[in-house]
Amino acid sequence: MSFPTADIVHGEMLFYRLSGIATKLNETLEDLALTAEVGHTPTLEQYIKVPLTEGGAVMLVWYGRWPGAWALMWPQGREVVQTAWPLALDDAVLIDLVMAVIGECVDGSELPSPYRWGQVERSGLVVLADHLHAYGVPESAIGLDPLRRIDDDGKVRYGGASNELWVTDNNDEQRSLVVRLHEDIGWTVDQVMQAPGASGRLDLASALGLKPALPRVSSEDLDALRLARILADDTSWSDDNDDDDPRCLFLYGEAPEVSSVLSKDDAERAAAAWLKWAGFVEADSEVRGGRILSRAIELHVVFSGRPVPLSGVQRCMGIASVSGRTPVMVAKSGFSRNGSEWADVAGMLLFDIGDDGILHAANRLARSHQPRAMGPRPEPCYDEACRSIGCVLDDEYCSSLVGRRRHPEADRWRLN
């Protein structure tokens with residue numbers, strides 16, 4: 001006795017599933033005089049096809065090659081639009097998705113939300129995207145990574161970060177805002193640009209008149225509708241704002257200069273600069289005994305050749321509890337797994353520091369607070385006057401002017 005192979009059994013089961021979906025589609029398509037039919041490609045990839053009266057067809061194709069996807073294709077002018085969706089979608093969602101595409105082809109209506117953003121659920125970012133679109137931001141300027149994508153060579157890929165939304169500036173296509181909604185800290189907005197020192201986390205709290213101890217804005221303090229208005233104004237897409245410069249979101253600080261970490265003192269200076277850039281530390285904060293003391297955090301730098309164990313993390317928590325500040329640990333050689341897990345429960349932030357002076361999140365809470373991108377960093381300025389009071393050199397004489405802060409009185413000392 002012989003049995004069919006697994007591929008044959010799977011193909012037969014998929015045929016029956018597609019036939020069931022096609023039957024339910026035909027019940028809905030009867031009023032449109034359209035018919036759904038099941039077929040397969042020469043490479044035996046099965047599909048559902050709905051021919052359109054004006055030419056072309058809407059097709060739902062099964063791609064089984066890992067990680068797999070449903071490929072949904074339909075004509076749009078002289079081009080063919082192709083989107084990809086996870087194989088785990090229920091039949092009801094697939095039917096609703098196909099009917100939405102048919103509605104766009106027949107009636108000329110837009111794909112409804114959340115499908116237009118490549119999503120199947122109305123998450124907080126999808127609601128934000130809808131509000132942005134309602135405020136006049138075009139779909140081409142709003143980016144939500146789809147759940148799946150298909151490359152030009154036909155390979156299925158996972159989508160990008162599912163918790164990120166991109167908004168491109170209307171006046172500067174090189175400027176983008178990246179919005180994320182975190183379960184633990186709420187909304188964050190990061191600016192991404194190519195200019196040195198221009199990328200980093202934006203001070204969303206100040207735009208709302210809030211003064212939290214840490215750079216965070218919870219979803220309770222800010223709803224998606226109000227955030228969409230702020231983003232539409234800041235990226236110059238809103239028609240209601242007549243200001244010449246509508247931006248209301250500003251960086252916490254300039255990106256740290258290019259540096260090297262060769263000692264604990266170097267690590268302390270680099271950590272202080274990074275934390276100021278990320279919004280943790282005020283400009284007038286001080287460093288005493290290797291610890292940054294501000295109203296928000298207390299920083300401990302560990303410069304050793306071994307990962308910090310659980311006992312070291314707990315010791316830092318105990319020291320910080322005396323001052324009531326949030327403990328932040330920066331380690332040259334990282335942390336133990338137990339230490340990182342315990343820090344998440346205790347509400348600590350752990351970072352690794354590289355030889356270039358950049359901090360990298362070492363636990364879940366720190367990842368939420370880490371800005372999206374640093375971009376090019378300003379080169380260090382070796383002019384003594386500039387280092388002490390700010391840039392005073394003319395542009396043609398200063399190679400690191402872009403992205404550097406100026407002293408309020410620097411113009412009085414500017415060299416002519």
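This is a predicted model: local features need pLDDT of at least 70, side-chain atom pairs count only at pLDDT 80 or more; totals for chains, interfaces and linings use all residues.

Begin by selecting Phe 15, which counts as partly exposed because its relative accessibility is 37%, the classes being buried under 20% relative accessible area, exposed over 50% and partly exposed in between, with a 1.4 Å probe and protein chains only. Residues are numbered from 1 along each chain as its sequence is written, and side-chain values use heavy atoms, with hydrogens and water left out.

A search of the whole structure finds five aromatic pairs, where rings of Phe, Tyr and Trp (its six-membered ring) pair if their centres lie within 6.5 Å, with planes under 30 degrees apart counted as stacked, over 60 as edge-to-face and the rest as tilted. Phe 15 and Tyr 16 form one of them, edge-to-face, at 5.8 Å centre to centre and 65 degrees between the planes. Next select Trp 85 and Tyr 115, whose ring centres are 6.2 Å apart and whose planes stand at 90 degrees, so that this pair is also edge-to-face. Trp 85 lies in strand 5 (residues 79–85) and Tyr 115 in the loop between helix 2 (91–107) and helix 3, 30 residues apart; helices (H or I, at least four residues) and strands (E, at least two) are DSSP runs, numbered from the N terminus. Both Trp 85 and Tyr 115 are buried. For a cluster linked by ring pairs, select Trp 274, Trp 277 and Phe 351.

Of its 30 residues, Leu 128 and Leu 165 touch the most other members, and helix 5 (224–234) is among the elements that supply at least two residues. Helix 5 gives the most to this core, with six residues.

Select helix 3 (124–134) and colour its buried residues, Leu 125, Val 126, Leu 128, Ala 129, Asp 130 and Leu 132. These buried residues pack against strand 6, strand 9, strand 10, strand 11 and helix 5, contact meaning heavy atoms within 4.5 Å. Just after helix 3, Gly 136 takes a positive phi of about 105 degrees.

Terms used
A nonpolar core is a set of buried Ala, Val, Leu, Ile, Met, Phe, Trp, Tyr and Cys residues joined through side-chain atoms within 4.5 Å.
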